[in-house]
Amino acid sequence: MSTTLQANFQPYIADGLFDEAFDQAGRIRNTYAAFGDSFNLLAQAKIREMQYATVKAQLATGMTFNVYDEGVNKERILPIDIIPRIISAADWELIEKGLHQRITALNLFIDDIYHDQKIIADKVLPAEVIRSCPNFLEPCVGLNPPHGIWCHVTGTDIIRNNDGKYYVLEDNLRVPSGVSYLLENRELLKRNFPDLFETLNVRPVYDYTHHFMELLREMSPRPHPHVVLLTPGIYNSAYFEHSYLARDMGIELVEGRDLVVRDDCVYTLTTSGLKQVDVIYRRVDDIFLDPSAFRRDSLLGVPGLFEAYRKGNVALVNAPGTGIADDKVIYAYAPEIIKYYLDQDPILPNVPTYVCDRPRDMDHVLNNIEELVVKEANASGGYGMLIGPQATKKSCEDFRKRIKADPRNYIAQPVINLSTVPTLASGRIEPRHVDLRPFILYGRNLKVIPGGLTRVALRKGSLVVNSSQGGGSKDTWVLG
Amino acid sequence: MLSRVADSIYWMNRYIERAENYARFINVNFTLALDMPMGKEEQWEPLLEITEDILYFRKKYDTVDKEKVIDFLAFDTDNPNSIYSCIAHARENARTVRENISTEMWEQVNSLYLLMREPKFGSGIMTREPMLFFREVISGIQSFRGITASTISRSDAWHFGRLGLFLERADKTSRLVDVKYHILLPSAEDVGSTLDLLQWAALLKSVSAYSVCRRKYGYISPNHVIELLILDRRFPRSIYFCIKEAFLSMREVSGNSDGNSYNIAEKLMGSMHTQLEYTDIQGVIKDGVHEYLDRIQVDIMNISDAIFASFFAHSNIDK
């Protein structure tokens, strides 16, 4: 096994950042050694051909998403880079344990918030934080979803800093997307490196939909459940995923207009009349679910759906109301939440977070804004953000004003340098920044799917991995 | 099956069938033009008559010629019936029902769509390889049919697909025959002429019926062509055959094996089927071929409306 920089990777410079494949001296890490040996045997032309064929296959199978660009609806692909992101068994064990702990605690937290709010009574979390949280749904107070589970599917965003440690960046407890890419990436990579999967004993992911379907059935109020997936429709950016999951689980993909509520039960409109629905995996946000309970102008929802849910006649996955824990101010309290409900120290740390609502934190943020990343408490997808070191004086000043006007709505974090992975750039292989989104299923058991979706910022130096902003993805291998 | 899904599968199949018919018509007319006797003009306007796109066309162009007609019928995104539009609609419908069709079916529709978007095709194809394009569309769609037949379970998705396919095909066959009979009607001295023969042969070829007709009757005459394309029991593009097959699927999706409580769509189709079953060529000629075909087109339209009302619309359910 060679330990020096290998021919196909030259000239690869990790550039002072934490690289998943090479250390600072240019030596390949153990996790990548076998892959590197095998990859090194490939001719450069063959590598380019593999990359081309992979993207071509994405087009042919219709792995596309819709984006609005200057008023025009365009179909794009999330390009897969064929060099995988590889995680060692030891690292994975830590991540898995950490996620298990975190999701268990957050689920207990959500349940507590919609019931007795003990965590507030015990003064661990200020009451004001919940009162002012826009994702807190009053109609969910006192509800008991089946088996006490609120966040059935979570897609936690994890990053690795220069110190080589993993940190949780976001929890994504509402309707996280990306799992279909994880599953499809694996299928496409198997075509490229069939032998490696065998020799490296890469942990399989194919049973995700099997476990997920089991989970959905467990939530049903009746035997022989009729399970459906509710999508906002074909123009939603995650439509490919909705369609993919429905197909793979053999369930119907429905839109709001396919459902009606009669006597607090939900039915699909079929060619032979009405058919009762027991479980809905919904990919529509809470507030759009039911115009009679939440946003009146929602065209995606089904009038009466929430009442049917409240009465226990239909299960919703995820349960409405989980958005409270996605509030970035509440995220900042995750270590306290884990300590409070489980009496444990967090296995996976948070990124250090300044909550502008705390006067001392606010002073620090206002004085050091040029070195911080400022985020709105309830925005996502890379929106409503200020990256201090890259921002103009004017926008820093603008954010200072916004923070002072509404401190509850802002948090700030130090700039985290995401780790890099070798990636095919034009003509050669260069380091590109990645994050990691593992998916966690919480039914009667809690399962973390080995690996996750690795998103990669394809633009040189960019730290933004979002698909809408030039991101791609990689297959993620957890070694056995 | 979800009403919306049934609706999409039905239309996906209609659009795909429409695209194939357009490709066949254009392809044959293109070849026909190469065989035209000297001094005779190429006829492109009848294509617009068959497809009933003439009104749209007139809004866009003042004169009719080969390039304009082919561009309009094949690639024009403003023409909702062009091959491009049909394939794009079919793909859009397929995207909304991927969980109900096989992966291979989806990939085939998608590859047709990607084919349309290849830079070597598209507007201005006349200066390049027009025939290749139409052949690829036709064979791509035939592959789709084969893939469908060998990958999909014979449940509602299959039957609603067949309803769309056969109603569209019956409609297009009826229009094709009608155009030759009604519009290309030769003057007395031209009957039996090379031109007349050429046109009848072209018509048969456009629906893959040329050698079938030769085999069955020995020679080609207008009455034989009409009998073959309207009433033949075994030929898969005859109107009778299409309605018979559509009716079989209609009975499956209605689930009325006991023969009771027919819905309107099933009633209309049953009566159309019976009418075709007990008609013969003399009867059609006596009624007037054009009048007969006209009625068939009206019947198909009514059936299509009734399918919408009976299966897709849920007008009886108060949402």
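Let's start at Ile86(A), which sits in strand E3 of chain A, the run covering residues 80-87. Keep in mind that this is a predicted model. With a relative accessibility of 2%, Ile86(A) falls under the 20% cut-off, so it counts as buried. What does Ile86(A) touch, leaving out residues up to four places away in sequence? Its contacts are Glu20(A), Thr31(A), Tyr32(A), Phe35(A), Trp477(A) and Leu479(A). Take Thr31(A): it is 55 residues from Ile86(A) in sequence, yet the two C-alpha atoms are 6.4 Å apart.

Phe35(A), one of those contacts, leads us on to the rings. Over all chains there are 31 aromatic pairs. In one of them, the ring centres of Phe35(A) and Phe193(A) lie 5.3 Å apart; their planes meet at 75°, which is over 60, so the pair is edge-to-face. This pair ties together distant parts of the chain: Phe35(A) belongs to helix H1 (residues 30-40), while Phe193(A), 158 residues away, is in the loop between helices H6 and H7. Phe35(A) is buried at 0% relative accessible area, and Phe193(A) is buried too, at 5%.

Another edge-to-face pair is Phe294(A) with Phe306(A), at 5.1 Å centre to centre and 80° between planes. Here the partners are twelve residues apart, Phe294(A) in the loop between strand E12 and helix H10, and Phe306(A) in helix H10 itself. Both are buried.

Back at Phe35(A), ring pairs join it into a cluster whose members include Tyr32(A), Phe193(A) and Trp477(A).

Over in chain B, look for charges above rings. The charged end of Arg154(B) sits over Trp158(B), 3.7 Å from the ring centre, and Lys205(B) lies over the face of Tyr210(B) at 5.0 Å.

Key: Residues are numbered from 1 along each chain as its sequence is written. Chains are lettered from A and ligands numbered from 1 in the order in which they are written. This is a predicted model: local features need pLDDT of at least 70, side-chain atom pairs count only at pLDDT 80 or more; totals for chains, interfaces and linings use all residues. Side-chain values use heavy atoms; hydrogens and water are left out. Helices (H or I, at least four residues) and strands (E, at least two) are DSSP runs, numbered from the N terminus. Buried means under 20% relative accessible area, exposed over 50%, partly exposed in between (1.4 Å probe, protein chains only). Contact means heavy atoms within 4.5 Å. Rings of Phe, Tyr and Trp (its six-membered ring) pair if their centres lie within 6.5 Å; planes under 30 degrees apart count as stacked, over 60 as edge-to-face and the rest as tilted. A charge sits over a ring if NZ of Lys or CZ of Arg is within 6 Å of the ring centre and within 35 degrees of the ring normal.
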